[in-house]
Amino acid sequence: MQPALQLALLIAILLPAAKFAASLCSRFGIPAILGELLVGVGLGPGALNLLHLRLFEGGQATGALLLLAQIGGFVLMFIAGVETDIDRMREAGMTAFLVALSGVIWPFFLGAGAAHLLGLSWTTACFLGGALTATSVSISARTLMDAQKMTTSEATVILGAAVIDDVMGLFVLAFLAATTTTAKGATFGLAPMASAWLQQRIALAAIHPLLVQMLVIALCVLVFFVVGYGAAQRWLDPLILQLRKLSANEAVPSCVLALVLMYAISAEWLGTVAGITGAYLLGYVFAGSEYKPYVERSFYAIGHGLLIPLFFVSIGLSSDYRALAGHWTLMFAVLFVAVVGKLVGCGLAALASGMDWVRSLRIGCGMMSRGEVGLIVTAMGASTGIFRRPEVAVMVAVVLLTTLLTPLALRAAFSLKSDEDLEGTPNAPEERMAAATEFEMPLAAAAEPDHVLDEPPTEASGPVELGCGTDVLAFSGTKVLGSPE
């Protein structure tokens, strides 16, 4: 069978299965994301082993599917950035930093210590601890979306801390790579090239390669965030205004998708951070744009309809439990450390920042999931020979299990009542009436034909002239379109 037909068949199998499983989970009050993950587990190498059937031999369709899944991660993080409450993000800046810092320190030292006590060398144990530091912001973001909690202060802290977590995890990875003689790191990106150039031409840099690498990475991260945020803040709205004048169908979402991919590439090449961080940064700028509702409407369709389900199914497809035989003690010990490290570390940091214990628990639960960065460190350890096949299987299992546990724990934590939950809710009759009015106006606007929404805004149809905030418009638009589950 041709690779294109193989890919078409894979998508035709995975998408309906993911949606049916997500719908079934929703009926029983289980987060929909869990259904998509379990579909991947059931079709993965530990069960049906779908990708290795003779029907899909050759591997080209499998590779294309995984690439689509990675793009789905970019789109998911862009949508998460668009739905971010900017004002609350600024208020939670210091809290998010403290939560991220504590969420890196606790898992690293607990993971390395536990692994060494169970017989692993210090080098392998430190790599294992490094794989436990970063949080999968995409998993937490999807869970918060499904639970309709993206506008809460806890969601703001979780997303902000997870992004900072990604940067801190990068420094941990750089430290591990620089202190291991067999690991030279990837050559893609400005930081590795600049670091190698400095070490070749400056004697002092050659004597202290770790210090040089850390300083170069810090500079690259700073430049990416400053330039990327500043450029988007300055040129995004004028660019969208010009794109809306094009006569081509859906020109704006097409070009915005290209911009999302460019930011993802720039994040890894210039900033040496994960591509999903760049996508989130662009979405964060879009959260304050007057064109937010128009872009959000299109990305919900392409994201939740195609790319995002493939992203979560692919996580399950990468799991193989057959290599865990004889290593269950190590797996459960690492899983326990992975959960406790984030739950206690991030929860205590939130509690020390002034939040009550219920909200601190929610933040700890939202930071438990591991994902892309954990798998990157695992792949690096395997390629250098530091991780053997059992350690790789343990880390993949821990990444998958924390991904499965996070939606359940986060939903349970939000079911607990906090005294601060009552703050900011419209209890007075006039407040409820105002909230209802703000919801009905964008509801009517969303019911207009697509060609009306694609036209440039006029004095009577712009989001400012409607008399309600852009955030309210985008939130209502999300409710009209609805998440797929």
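At 1% relative accessibility, Glu 154 counts as buried, because buried means under 20% relative accessible area, whereas exposed means over 50% and partly exposed lies in between (1.4 Å probe, protein chains only). The structure is a predicted model, in which local features need pLDDT of at least 70 and side-chain atom pairs count only at pLDDT 80 or more, while totals for chains, interfaces and linings use all residues. Residues are numbered from 1 along each chain as its sequence is written, and side-chain values use heavy atoms, with hydrogens and water left out.

# Overall composition

The secondary structure of the protein comes to 21 helices and 0 strands. These elements are DSSP runs numbered from the N terminus, with at least four residues of H or I for a helix and at least two of E for a strand. Of the 485 residues in the protein, 51% are buried.

# Salt bridges

Side chains of opposite charge can pair when their charged atoms come close. A salt bridge is defined here as a side-chain nitrogen of Lys or Arg within 4 Å of a carboxyl oxygen of Asp or Glu. The structure holds 4 salt bridges. In one of them, the side chains of Glu 154 and Arg 359 meet with N and O 3.2 Å apart. Glu 154 lies in helix 8 (residues 153-178) and Arg 359 in helix 16, so this pair ties together parts that are 205 residues apart in sequence. Arg 359 is itself buried, with a relative accessible area of 12%.

Glu 154 also forms a salt bridge with Arg 362, the closest N and O atoms being 2.6 Å apart. This second pair again links distant parts of the chain, with Arg 362 in helix 16 and Glu 154 in helix 8, 208 residues apart. Arg 362 counts as buried at 2% relative accessibility. A further salt bridge joins the side chains of Asp 165 and Lys 342 (2.8 Å, N to O). Asp 165 lies in helix 8 and Lys 342 in helix 15, so the parts tied together by this pair are 177 residues apart in sequence. Both Asp 165 and Lys 342 are buried. Salt bridges that share partners join Glu 154, Arg 359 and Arg 362 into one network.

# A buried aspartate without a salt bridge

Asp 356 is found in the loop between helix 15 (328-352) and helix 16 (357-366). Asp 356 is buried yet has no salt bridge, and the nearest side chain of opposite charge, Arg 359, is 5.0 Å away. For charge, Lys and Arg count as positive and Asp and Glu as negative, while His and the chain ends are not counted.

The backbone nitrogen of Arg 359 lies 2.9 Å from a polar atom of the Asp 356 side chain.

# Nonpolar cores

A nonpolar core is a set of buried Ala, Val, Leu, Ile, Met, Phe, Trp, Tyr and Cys residues joined through side-chain atoms within 4.5 Å. The largest has 109 residues, and those with the most contacts inside it are Phe 78, Val 99, Val 256, Phe 286 and Phe 312. Leaving aside neighbours within four places in sequence, Phe 286 is in contact with Phe 78, Val 82, Leu 236, Ile 240, Val 256, Lys 292 and Val 295. Apart from this core lies another, of 17 residues, among them Leu 7, Leu 15, Val 39 and Leu 51.

# Two helices in detail

The expected span of a helix is 1.5 Å times one less than its number of residues. Helix 1 (residues 3-27) has 25 residues and should therefore span 36 Å, which agrees with the 36 Å between its end C-alpha atoms. Its buried residues include Gln 6, Leu 7, Leu 10 and Cys 25. Among the elements covering the buried residues of helix 1 are helix 2 (32-43), helix 3 (60-82) and helix 14 (292-317).

Gly 119, which follows helix 5, has a positive phi near 110°.

Asn 49 has a positive phi of about 55° although it is not a glycine. Asn 49 is found in the loop between helix 2 and helix 3.

Glu 250 is not a glycine either, yet has a positive phi of about 50°. Its place is in the loop between helix 11 (209-243) and helix 12 (251-269). At 30% relative accessibility, Glu 250 counts as partly exposed.

Key. Contact means heavy atoms within 4.5 Å. A polar contact is a pair of N or O atoms within 3.5 Å; within protein, one must be able to donate a hydrogen and the other to accept it, and residues adjacent in sequence count only if both atoms are side-chain atoms.
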